[in-house]
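Morning, everyone. I have one structure to walk through today. Please have a look at it before I start.

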Amino acid sequence: MAGDRFSRLHTTLARGSHHDNRPDKGIPLPVGVKMLLALTLSCLAFLARTETFLGMVTAANLLVFVLLRPQGVSWWRQGRLFVFQTTVIVVLYILRFGSLAGVRDGLLISWQLFLAFWPTMVFAKTTSQAKIVRAMNRIMPSRMSFVMATCLKFAPHLLEEVRDIYEGQVLRGARILPKDLARPWNWPDLVHCVVVPAVVQGMALAGNIAMAARVRDFGLHSRRTCWPGD
Amino acid sequence: MDVLLQLKNFSYTYSETKAAVLQGINLEIEAGRCYCLTGPTGSGKTTLALAMKGLLEKDGCSGEVVGPDPSDHGDFRVGLVLQNPETQLLATSVGAEVAFGLENLCVEPGRMLARVEAALSLVDLRKPLDYPVARLSMGQKYRLLIAALLVMEPQLLILDEPAAQLDPEGLAAVHDILSDLKGRGVAVVLCEHHPGPFLDLVDRFWQLDGSGRLSAGRWRASLMPSDSTVSKTAGGYSVAPVLLGVRDLAFTGHGDVPVWEEVCFDIRRGQRVVVTGLNGTGKTTLLRVLAGFLKPSRGRVRIFDAEPDPRLLRRRLGCLFQNPQKQIFENTVREELAFPLKRLGWSSREIPSRIEDTLRLCGIEHLVDDSPHKLSYGQKHLVAIASVLAPAPEMLFLDDPFAGLDGARQQDVMEILASWNREREMTLVWTSHDPGEIPSLADGHLHIEGGCIGWR
């Protein structure tokens with residue numbers, strides 16, 4: 001069902017915050033080190049041009065995974081995403097080159113893309129919001145680190161808003177159900193009555209969050225101290 | 001008594017409007033007293049709260065806001081809880097949330113723990129400091145928000161419309177906290193349409209009259225519609241056809257916890273049913289399951305003699321979820337109403353008269369060429385309802401349609417719904433977070449409690 005998809009996405013994002021409070025089971029590396037490791041592995045995945053190089057990046061990712069032991073990774077979800085992404089890329093490659101020769105290149109590109117995002121997922125699963133803010137405070141202005149952490153926190157809320165708008169508009173007759181969207185001439189409806197109100201809601205949400213932060217004296221001093229818990 | 005805050009001939013105008021929202025306001029707030037600011041929706045209560053907190057743009061202000069003498073009171077702090085707790089909780093764990101204000105005040109990390117624990121104890125929220133905020137109930141979130149302000153040691157605490165969000169249980173807990181704070185010398189200002197649960201705490205009422213003027217006294221909306229305005233349809237419903245049938249329905253939420261189960265009920269054509277339950281009992285989830293947006297874990301729903309499917313329901317079922325204004329996207333009220341009519345296959349010849357009729361019945365025909373985005377809160381609410389009513393659905397689901405509206409606006413909405421029900425036999429199902437206040441509009445009452453749903 002259409003709503004189920006939103007609910008699953010919302011649940012996935014919401015779970016991100018629940019994992020904040022699971023005890024770390026892997027090696028307790030400093031957040032800065034983990035962040036740097038994730039960034040390096042992602043960059044290496046993009047730079048890999050040969051199978052051997054990609055194999056080495058894969059081995060490095062496996063090692064990091066075993067060391068950090070992230071909790072709550074859904075192999076089923078990750079597997080499905082990979083299969084979907086691979087299918088799309090391989091089909092596009094076959095169409096582009098007109099033969100099965102595109103299959104190997106398509107598979108490599110897909111694996112490369114997967115490895116580019118995997119380290120970020122491992123980092124997010126093994127690091128709490130408070131720790132990320134603390135680490136970011138050292139390398140960027142506290143306002144910016146607050147904005148980044150808040151964006152992560154409110155992503156599920158914004159998705160709920162989008163879901164409400166979507167469901168309300170479906171019953172108002174908007175042609176935006178998955179079957180409707182198979183026809184490209186219905187796409188303007190999606191932009192017009194879901195994306196536009198969602199952007200307006202997103203801006204209103206940003207305004208409300210900013211006000212909530214100012215109510216608690218955010219911005220009174222140029223630097224902030226940090227809660228030592230979590 | 002110590003005077004904590006004074007507003008002297010204070011006025012405020014938003015940069016995008018010409019008329020002043022607040023005009024010549026004079027007030028005094030004394031330590032340890034509770035004030036209740038009343039007034040219709042959009043009369044400027046929140047603006048006045050922001051003025052007391054010092055959060056309004058300086059350009060629009062005139063007059064004086066005078067705090068206490070720093071030698072007597074040290075740093076004067078005002079705590080303000082805005083309407084929606086969900087958008088004010090900024091951290092993921094209870095401890096980090098309460099500590100947010102201390103971080104902003106540059107309190108040494110080593111001194112935070114004791115202050116955070118003391119603030120949580122003041123609101124009687126006994127949870128581990130690393131407990132996820134997302135797992136708290138709405139009432140607990142509201143108390144957490146109060147703790148997050150109390151940790152900054154305010155001398156004045158302002159709450160903006162607590163009753164719009166909290167169920168009776170949550171309101172009772174907030175009442176006890178406020179009573180305790182008054183005893184400790186903290187001044188409290190409630191901006192509230194429905195001050196009922198706090199009446200015994202209030203020392204003084206103020207009212208904003210809608211033109212920005214403040215005076216002493218309590219603003220009251222005109223009376224709720226009587227049974228004469230919301231007349232019952234003649235005859236019993238037992239003979240009307242069943243439009244919505246639910247058998248052995250269950251829904252399982254996150255973590256395989258059942259939200260409710262073994263739900264059975266029938267709703268017949270023309271019925272007006274209110275679904276009540278405390279915050280988090282699954283009222284919105286029930287509407288989403290009935291409309292076919294969520295799949296139940298067990299059981300059967302039959303709506304218009306078929307399984308619920310949004311594609312098939314969109315001609316016969318209208319739906320307004322919480323805060324209906326967020327569905328508004330067109331440039332004029334006329335276009336907003338024309339959108340569903342065009343999509344649902346009305347002919348271009350019928351559409352103008354249909355829009356005219358609907359706006360007239362909703363009492364907002366004068367707004368037809370206005371931008372819906374620039375209307376007041378209450379008017380936007382009516383436009384959103386009109387746009388759902390325009391295609392004349394046979395059944396309408398509304399999720400907490402009266403939340404945040406003052407008594408007069410609630411009455412407007414109720415009268416519109418009552419007249420459509422009376423004249424077109426439109427079946428109404430709406431939710432409410434207050435089981436204690438059942439409007440006369442309802443002729444059926446389903447209540448959710450302890451995972452069960454039953455008639456009352």
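I'll take the ground rules, then chain A, then the interface, then some spots in chain B.

Ground rules. This is a predicted model, where local features need pLDDT of at least 70, side-chain atom pairs count only at pLDDT 80 or more, and totals for chains, interfaces and linings use all residues. Residues are numbered from 1 along each chain as its sequence is written, chains are lettered from A and ligands numbered from 1 in the order in which they are written, and side-chain values use heavy atoms, with hydrogens and water left out.

Chain A. There are 9 helices and 0 strands. Helices and strands here are DSSP runs, numbered from the N terminus: H or I with at least four residues for helices, E with at least two for strands. Of its 230 residues, 45% count as buried. Buried means under 20% relative accessible area, exposed means over 50%, and partly exposed is in between, with a 1.4 Å probe and protein chains only. Now contacts, meaning heavy atoms within 4.5 Å. Take those in chain A between residues at least 6 apart in sequence: 72% join residues at least 24 apart.

One residue inside chain A. Thr86(A) sits in helix 4, residues 75-97. Is Thr86(A) buried or exposed? Buried, because its relative accessibility is 9%. Setting aside neighbours within four places in sequence, Thr86(A) is in contact with Leu107(A) and Ser110(A). With Ser110(A) there is a side-chain polar contact of 2.7 Å. A polar contact is a pair of N or O atoms within 3.5 Å; within protein, one must be able to donate a hydrogen and the other to accept it, and residues adjacent in sequence count only if both atoms are side-chain atoms.

Now the interface. How many residues of chain A are in contact with chain B? 56, and they meet 67 residues of chain B. The two chains bury about 5700 Å² between them, 57% of it on carbon and sulfur atoms. Buried area is the accessible area, 1.4 Å probe, that two parts lose on being put together, summed over both. On the chain A side, Arg172(A), Arg216(A) and Trp227(A) lose the most area to chain B, together 18% of what that side buries.

Polar terms next. Between the chains, the count is 20 residue pairs in polar contact, both residues at pLDDT 80 or more. Helix 1 (2-19), helix 7 (142-171), helix 8 (178-181) and helix 9 (187-215) of chain A each supply at least two residues of the side touching chain B. That side divides into 22 nonpolar, 16 polar and 18 charged residues. Nonpolar covers Ala, Val, Leu, Ile, Met, Phe, Trp, Tyr, Cys and Pro; charged covers Asp, Glu, Lys and Arg; the others, Gly among them, are polar.

Salt bridges. The rule is a side-chain nitrogen of Lys or Arg within 4 Å of a carboxyl oxygen of Asp or Glu. Over all chains the count comes to 30. Between chain A and chain B the count is 11. One of them pairs Arg311(B) with Asp180(A), closest N and O atoms 3.4 Å apart. Another pairs Glu336(B) with Arg172(A) at 3.1 Å. Glu336(B) lies in helix 9 (residues 333-343) of chain B and Arg172(A) in the loop between helix 7 and helix 8 of chain A, so this pair joins two chains. Both residues are buried. There is also a network of salt bridges linking Glu161(A), Arg163(A), Asp164(A) and Lys326(B).

Inside chain B, start with helix 4, residues 112-122. Its buried residues are Met112(B), Val116(B), Ala119(B) and Leu120(B).

Last stop, helix 10 of chain B, residues 351-361. Asp357(B) and Arg360(B) both lie there, 3 residues apart, about one turn of the helix. They form a salt bridge, closest N and O atoms 3.0 Å apart. That's my tour.
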